[in-house]
Amino acid sequence: MLEFLVWLLCGSILVSGILAVRLDSTLTAAVSGALASLFAAVCYVLLGSPDVGMTEASIGSGLSVLIFLYAIRRTTEKVP
Amino acid sequence: MAEGILVVAAVLIFFGIVFGVLRLTLGHTVVDRVVAVDMLTVVSISLIALYAHVAGRSIYLDVALVYGVLSFLAVLAISRYLERGL
């Protein structure tokens, strides 16, 4: 019954990845990457491995965005 | 009856994901995209809970629980970043 949702999640991962590559702003690219990781976690759960999905959700979607934002903040030039 | 309710829930989740991704694609500002990601997180949690009922395995509910506890972290970090606080 839920196979069409798995197909939709796979398409959403593709759309998020393309957006993360093509968008101009680095912040929106980080947000799109977080969304791709989120959908990948849900896909792992639907395909039958909940522990991998839990790890992906906590690290890929939560912690990596934090590290990305910290890196963006530390590397952008402050305008004097 | 119960099967019909599950089908209706799956269709609603389908349209939630479709319109969330559409808003993420067309979004003009960063705030639109952040709110779309937050909404898609909630829809994903409901999808995992629905699948836990369909598959009959309650271990998936733990995944939904951990996901709900940890999912606000990214949105909180982005909001803090937008207010120049991070």
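Residues are numbered from 1 along each chain as its sequence is written, while chains are lettered from A and ligands numbered from 1 in the order in which they are written. Because the model is predicted, local features need a pLDDT of at least 70 and side-chain atom pairs count only at pLDDT 80 or more, whereas totals for chains, interfaces and linings use all residues.

**View 1. Chain A, with 3 helices and 0 strands.** From the N terminus on, the elements of chain A run α-α-α, where helices (H or I, at least four residues) and strands (E, at least two) are DSSP runs numbered from the N terminus. Chain A is more spread out than a compact globule, because its radius of gyration is 15 Å, well over the 12 Å that the globule rule gives for 80 residues; this radius is taken over C-alpha atoms, and the rule is 2.2 Å times the number of residues to the power 0.38. Along the principal axes, the C-alpha atoms of chain A fill a box of roughly 60 × 25 × 10 Å. Buried residues make up 38% of the 80 residues in chain A, a residue being buried if 20 or more other C-beta atoms, placed from the backbone, lie within 10 Å of its own, exposed if 12 or fewer do, and partly exposed in between. Of the contacts in chain A with a separation of 6 or more, 42% are between residues 24 or more positions apart, two residues being in contact if their C-beta atoms, placed from the backbone, lie within 7 Å.

**View 2. Helix α2 of chain A and the glycine that comes just after it.** The end C-alpha atoms of α2(A) are 30 Å apart, which agrees with the 30 Å that its 21 residues should span at 1.5 Å a residue, the expected span being 1.5 Å times one less than the number of residues. Since 15 of the 21 residues of α2(A) are buried, this helix is largely enclosed by the rest of the structure. Just after α2(A), A:Gly48 takes a positive phi of about 105°.

View 3. A:Ser61 counts as buried because it has 26 C-beta neighbours inside 10 Å. When its neighbours within four places in sequence are left aside, A:Ser61 is in contact with A:Ala34, A:Ser37, A:Leu38, A:Ala41 and, from the other chain, B:Ala74. The C-alpha atoms of A:Ser61 and A:Ala40, which are 21 residues apart along the chain, are separated by 9.6 Å. Not counting residues up to four places away in sequence, A:Ala34 touches A:Ser61, A:Val65, B:Val37 and B:Ala74.

**View 4. The largest nonpolar core, with 39 residues.** Such a core is a set of buried Ala, Val, Leu, Ile, Met, Phe, Trp, Tyr and Cys residues joined through C-beta atoms within 7 Å. The residues with the most contacts inside this largest core are A:Ala34, A:Leu35, A:Val42, A:Val45, A:Val65, B:Ile48 and B:Ile78. The elements that give two or more residues to this core are α1 (3-22), α2 (26-46) and α3 of chain A, together with α1, α2, α3 and α4 of chain B. Among these, α2(A) gives the most, with 12 residues. In soluble globular proteins, nonpolar side chains tend to be buried together.

**View 5. The side of chain B that touches chain A, where 30 residues of chain B are in contact with 30 residues of chain A.** This side draws two or more residues from each of α1 (2-26), α2 (30-55), α3 (59-70) and α4 (72-82) of chain B, and α2(B) gives the most, with 11 residues. Its residues divide into 26 nonpolar, 3 polar and 1 charged, where Ala, Val, Leu, Ile, Met, Phe, Trp, Tyr, Cys and Pro count as nonpolar, Asp, Glu, Lys and Arg as charged, and the others, Gly among them, as polar.

**View 6. B:Ser79 in helix α4 of chain B.** B:Ser79 is partly exposed, with 15 other C-beta atoms within 10 Å. Although B:Ser79 and B:Val34 are 45 residues apart along the chain, their C-alpha atoms are separated by 8.4 Å. Chain B has 4 helices and 0 strands, and buried residues make up 28% of its 86 residues. The average pLDDT of chain B is 88, and 99% of the residues score at least 70, pLDDT being the predictor's confidence in each residue, from 0 to 100.
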